[in-house]
Amino acid sequence: MSKHLSIDETACAGHGICYGAAPEIMDCDDEGYPVLVTDPVPESLLDKADHLVRACPEQALELRD
Ligand code: SF4
């Protein structure tokens with residue numbers, strides 16, 4: 001089952017841990033802030049997406065059904 005990954009743009013600091021670690025899920029815009037490459041996130045990438053949620057130091061990412 002796929003899930004949706006959301007980015008809290010008010011919390012995100014744009015330091016790029018997420019899109020650096022998982023370019024198949026996230027890329028960056030011209031200002032260095034993350035954008036989703038795939039939405040919803042397919043089941044095959046959910047473990048990686050969950051890792052991104054846990055790794056974000058600003059708690060700016062969330063996975064939802
Ligand atoms: S790791 Fe978190 S704070 Fe950093 S760019 Fe990604 S979403 Fe933003």
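Val-37 is partly exposed, with a relative accessible area of 48%; the class lies between buried (under 20%) and exposed (over 50%), using a 1.4 Å probe and protein chains only. The model is predicted: local features need pLDDT of at least 70, side-chain atom pairs count only at pLDDT 80 or more, and totals for chains, interfaces and linings use all residues. Residues are numbered from 1 along each chain as its sequence is written, and side-chain values use heavy atoms, with hydrogens and water left out.

**Val-37**
- Val-37 lies in the loop between strand S3 (34-36) and H2; helices (H or I, at least four residues) and strands (E, at least two) are DSSP runs numbered from the N terminus.
- Leaving aside residues up to four places away in sequence, Val-37 touches Pro-23, Glu-24, Ile-25, Met-26 and Asp-27, where contact means heavy atoms within 4.5 Å.
- A C-alpha separation of 9.5 Å holds between Val-37 and Tyr-19, which are 18 residues apart along the chain.

**Helix H2**
- Leu-46, Ala-49 and Leu-52 are buried in helix H2 (residues 46-55).
- These residues are on the same side of H2 because they cover an arc of only 115° around the axis, taken from the directions from the helix axis to the C-beta atoms.
- Asp-47 and Arg-54, on the other side of H2, are exposed.
- The cover over the buried residues of H2 includes helix H1 (17-21), strand S2 (26-28) and strand S4 (61-64).
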